[in-house]
Amino acid sequence: MRITTAAIYQHITRDLQSLTSKMQQLNESLASGQKYQNIYQNPVATVTALGYNSDLSRISQYQSNLETADNWLTHTDSALQNIENLIKQAKELASQMATGTINDENRAVAVSQVQGFMAELLTEVNTSINGQYLLSGYKTDTAPYLQLDQMEIQEVVESLQTGSGYSGTATASGTYSGETATTYLVEIDSAGAVGTATFRVSEDGGQTWTTGFTTSTGATSIWSSEGDKGVEIAFSDSGNLAVGDRFIIPVSEFRYQGDENSLELGVGKNSRLAVNVTGRDALDGSSGRNDLFQILSRLKSALENNDANGAGAALEELNSTEENLTRYFGFVGAQQDRVIYQQDSYLSLQNNLEKSLSQVEDTDLIAATEQLNLQQITYQAALLVSTKIMALSLLDYL
Amino acid sequence: MSINTLLEIGGRALQAEQVGVEVTSHNIANINTTGYCRQHVDLVTTPSIQYPWGNQGYGVAIDSIQRYFDPYLAQKIDDKTAAQQDYNTQKTELASIAGLFNETTDVGLHNLLTSFWQSWHDLADNPTGAAQRQVVVQQAEALAAAFSSLADDLVQQRQALLVKISPTITEINTITKSIAKLNQEIVSVEASGQAANDLRDQRQVKLNNLAGLVGINYFELDNGSINVMLDDGTILVQSAEAWDLSYEVSGGEVVIKWQGAGGVEKDVTDDLSGGQLSALLYVRDDRIPAYLDSLNELAQELIGEVNRQHSQGVGLSLYSQVSGTYGVDDPDTPLKDNAALPFGDQINEGETFNIYVDDGNGTNVAVVTITITAGMTLNGLRDAINAALPAHLTASVVDNKLSLQATGSYSFGFGNDNSNVLMALGLNTFFTSTSGDTQNFAFSLGINDIISADASFIATGQFDRQGQHAVGDNSNALALADLETANVGPGDLTFAEAYQELVSTIGLDTQKAEQQETLLRGILDQYTDLRDALSGVSLDEELTALIKFQRAYQAAAKLISVADELYETLLSLK
């Protein structure tokens with residue numbers, strides 16, 4: 001091919017340009033530490049890196065959520081721990097007091113001890129961190145338990161049979177005329193709609209029953225073998241009651257002010273972690289007889305009355321409360337295990353993602369430096385050859 | 001045969017070699033002139049004279065001055081120039097758009113989107129935290145600002161491209177006029193029968209320039225003039241006449257018009273191919289609108305989904321007064337599919353929502369369920385609310401928007417909305433956008449004034465069936481944070497994925513243009529090398545030719561002096 005002067009110079013310019021542009025790219029990627037400076041240099045890698053980045057941010061958010069969860073669970077655990085210690089002390093006291101060798105003076109002294117337990121229990125269940133109460137469900141701004149001046153008929157706790165068709169609510173009313181804390185157990189003993197269904201009542205946790213009550217939308221007085229203390233119950237008419245449906249009416253000087261909600265945090269894609277135990281769950285159990293405040297109240301009045309049998313009954317009840325509390329210990333422990341497991345798995349996921357991200361995004365320093373050296377040598381060679389060619393001219397020999 | 005013949009041969013030889021030197025010097029002088037084709041002088045022998053001893057040569061004559069030129073190569077170069085310039089312009093313009101989406105920085109939309117969802121998680125961890133609420137508002141504001149500025153930048157880019165289209169068209173018109181003028185000159189020069197080499201070179205340069213601006217076809221007529229057409233056959237230059245192109249903006253898009261004889265106009269926008277002009281049009285009226293649409297769709301889905309979830313919830317405070325952010329075009333037309341409601345199509349008729357009224361001290365006094373009946377109008381909804389809660393609040397229609405005002409110390413909130421009417425009317429919502437304009441979601445994305453003024457209205461929780469709401473309830477905040485990983489964005493992707501898709505589309509578009517440009521530049525370089533091999537000036541060659549002609553000239557001069565000596569010899573015979 002015929003080579004012209006202009007072509008020679010054009011080729012020199014083009015080749016040098018292409019070499020400098022390659023060096024420039026290597027230089028940029030070395031200086032910034034990033035393989036690509038623009039999204040169009042490698043769109044697929046850029047978008048992959050974006051995906052990794054958002055995964056990483058999400059994982060660090062989940063990790064921070066897990067820390068919050070851990071905080072809640074740790075504090076809840078220690079509150080429950082303290083409550084259990086109280087139960088243990090109360091049990092010890094109750095078992096001492098249940099023996100016949102203890103005289104009434106000893107029991108009178110123990111009364112103030114029980115009083116102390118109740119005050120301490122109130123402090124423990126009302127534990128808060130950062131102004132948030134741990135055992136109130138969603139109502140984190142409200143102390144879970146409030147001590148009243150006198151006994152008060154509390155909200156009805158429903159415990160329906162599975163398959164029960166009842167969707168209404170039961171309301172307790174009346175003025176309590178008794179002096180000690182107690183719990184009325186209302187159980188349906190003949191199925192049907194409100195007005196037809198009948199129920200029976202127990203004041204001692206279902207050991208003895210008083211029968212012959214009919215459900216009604218109006219307030220119906222209920223009583224037990226221990227007499228009529230002015231408590232009433234009304235049912236809203238909605239669906240059929242089933243045999244065994246229970247409605248528990250606590251009468252107590254402690255009112256639960258929280259709710260039943262389980263507080264959850266997001267700890268993964270579509271994954272929630274419950275981090276709280278409500279005060280009612282922890283102290284109550286399902287039957288209503290287990291309310292620790294109730295039991296302590298009863299223990300107190302038994303001691304006041306120098307009633308060794310009453311103290312023995314309280315010991316039984318304390319055992320069952322402790323058993324209930326243990327279940328929630330187990331729950332908190334399991335959640336804490338899940339936190340640790342999740343933290344570990346996020347940590348390794350984070351490491352893997354960081355590695356992948358680095359592979360996609362970061363300059364391979366060794367390879368890039370080698371390439372830069374190679375380019376430099378090539379460029380020097382090109383410059384040398386170019387100057388040699390440019391220096392050649394027929395003119396020099398004419 | 002005489003000595004005179006010898007003198008004549010010598011004289012013509014001197015002339016011929018001198019022209020040879022001149023053509024060579026013309027070549028050397030134009031070695032760096034764009035589009036110059038080297039020329040050479042065609043020397044022929046003069047007709048011989050018959051003598052009894054045979055035909056005797058009568059010296060040299062100049063036949064013509066020719067240029068080395070290959071019309072096929074020229075046309076190939078013009079074709080590839082059109083394509084290369086097309087992709088080159090696309091690459092330049094798209095790269096500057098890609099710069100807007102450069103997510104290697106921390107303030108990219110992608111990172112802000114991630115931070116936005118993180119702020120919801122932090123709020124879910126502590127729904128009563130004033131700081132966490134404020135962070136949600138700030139992150140949302142940053143996100144809204146990023147959406148707006150991206151949308152604004154894209155619109156600015158479109159505007160800037162219009163500014164580039166105008167001079168391109170002026171340049172095309174200038175070039176076609178000068179081609180027509182050169183046509184005229186070439187025809188008149190070549191009437192004598194000799195090629196107008198330099199004028200043809202100039203015209204070829206103009207044609208190449210024109211091809212870089214817009215894709216063309218051309219052919220040469222017998223008289224030497226060239227007719228130039230757009231790719232669809234629309235004539236730009238016909239002999240000595242040129243027809244102009246003009247542009248106008250119609251419906252936001254640029255329309256290129258051909259101005260024919262007698263005021264005839266023709267829309268040639270869709271027939272253009274290649275050259276800078278079609279690249280500018282493609283980027284301006286095809287790519288940028290597509291990117292803007294994707295961005296708007298993303299903003300629309302984000303507003304819709306966040307608002308849908310937010311309107312289900314309740315914050316720490318209840319409303320004493322609230323107005324919708326979206327208005328209808330006419331309060332007596334049905335709400336569903338109302339043209340002015342950006343989310344009117346989402347309304348489910350026959351479904352319900354709840355209004356919860358509080359006495360102002362945290363005690364619920366009423367829970368009412370409002371049903372969106374088939375064909376319900378805004379006035380109808382107003383009446384239904386007033387009928388349901390006559391003592392607690394007053395609903396009214398102000399500026400075609402629904403407004404609720406609590407009576408006395410009552411306050412109220414919303415929830416359990418299956419009808420989507422709250423999100424459609426902008427009640428108890430988080431984001432806002434311009435009402436009635438469905439094209440501007442990204443640009444007009446903003447935060448509901450109520451929330452930016454008082455973050456306690458951020459709906460972290462939900463009312464329970466009895467109308468109670470607890471401050472520690474984080475269920476709605478969790479549901480909002482979950483939107484991050486939900487496939488509810490455009491194209492059933494997550495929001496981040498939908499944005500990634502947009503980024504990769506822009507990146508791939510730019511990369512494709514860059515790769516095509518590189519490829520075509522390679523091809524063009526090859527054709528240019530071929531053209532140079534034929535038409536380019538080689539200094540060595542010209543210097544050699546110079547010496548060659550110089551020597552021949554010296555020899556011809558020697559002929560004259562020999563003839564002179566012959567005469568002298570003859571004249572000295574006495």
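Student: How far apart do the C-alpha centres of domain 1 and domain 2 of chain B lie?
Tutor: They're 57 Å apart. Bear in mind that this is a predicted model, where local features need pLDDT of at least 70 and side-chain atom pairs count only at pLDDT 80 or more, while totals for chains, interfaces and linings use all residues. Residues are numbered from 1 along each chain as its sequence is written, and chains are lettered from A and ligands numbered from 1 in the order in which they are written.

Student: Which stretches is chain B divided into?
Tutor: Domain 1 takes 3–68 + 540–571, and domain 2 takes 71–308 + 478–530. Those bounds come from an automatic or database domain assignment.

Student: How many residues of domain 1 of chain B are in contact with domain 2 of chain B?
Tutor: 8 residues of domain 1 of chain B, and they meet 5 residues of domain 2 of chain B. Contact here means that the two C-beta atoms, placed from the backbone, lie within 7 Å.

Student: Which strand gives the largest share of that domain 1 side?
Tutor: Strand β4 (residues 60–67) of chain B, with 3 residues. Helices (H or I, at least four residues) and strands (E, at least two) are DSSP runs, numbered from the N terminus. By class, the domain 1 side in chain B has 3 nonpolar, 4 polar and 1 charged residues. Nonpolar covers Ala, Val, Leu, Ile, Met, Phe, Trp, Tyr, Cys and Pro, charged covers Asp, Glu, Lys and Arg, and the others, Gly among them, are polar.

Student: OK, chain A. What are its domains?
Tutor: Domain 1 of chain A is 36–144 + 265–361, and domain 2 is 147–256. Their C-alpha centres are 30 Å apart. Their contact involves 14 residues from domain 1 of chain A and 13 residues from domain 2 of chain A.

Student: Which elements give two or more residues to the domain 1 side there?
Tutor: α4 (279–284) and α5 of chain A. The largest share, 5 residues, is from α5(A). The domain 1 side in chain A splits into 3 nonpolar, 7 polar and 4 charged.

Student: And between the chains, how many residues are in contact?
Tutor: 42 residues of chain A touch 46 residues of chain B. On the chain A side, α1 (5–32), α2 (43–98) and β14 (264–268) each supply at least two residues, and α2(A) gives the most, with 12 residues. That side has 16 nonpolar, 18 polar and 8 charged residues.

Student: What does L394(A) touch?
Tutor: Leaving out residues up to four places away in sequence, L394(A) touches L539(B), D540(B) and L543(B). L394(A) sits in the segment after α7 (365–391) of chain A. From L372(A), 22 residues away in sequence, L394(A) is 37 Å away, C-alpha to C-alpha.

Student: Why does L394(A) count as partly exposed?
Tutor: Because L394(A) has 15 C-beta neighbours inside 10 Å. A residue is buried if 20 or more other C-beta atoms lie within 10 Å of its own, exposed if 12 or fewer, and partly exposed in between, with C-beta atoms placed from the backbone.

Student: Is I248(A) buried or exposed?
Tutor: Buried, because 23 other C-beta atoms lie within 10 Å of I248(A). I248(A) is in strand β13 (residues 246–256) of chain A, and its C-alpha is 4.8 Å from that of L185(A), 63 residues apart along the chain.

Student: New topic: how do α4 and α5 of chain B pack?
Tutor: Helix α4 (residues 130–190) and helix α5 (residues 197–213) of chain B pack at about 155°, axes 9 Å apart. The axes are lines fitted to C-alpha atoms, for helices over the stretch in contact, and angles run from 0 to 180 degrees between N-to-C directions. So α4(B) and α5(B) are roughly antiparallel; under 35 degrees counts as roughly parallel, over 145 as roughly antiparallel, 65 to 115 as roughly perpendicular and the rest as oblique.

Student: Which residues meet there?
Tutor: Among them, I172(B), I175(B) and I179(B) in α4(B), and L199(B), L207(B) and L210(B) in α5(B). By class, that contact has 10 nonpolar, 5 polar and 5 charged residues.

Student: Last one: what's the phi of D399(B)?
Tutor: Near 50°, a positive value in a residue other than glycine. D399(B) is in the loop between β15 (393–398) and β16 (401–406) of chain B, and D399(B) is exposed, with 10 other C-beta atoms within 10 Å. N306(A) also has a positive phi, about 55°, and isn't a glycine.
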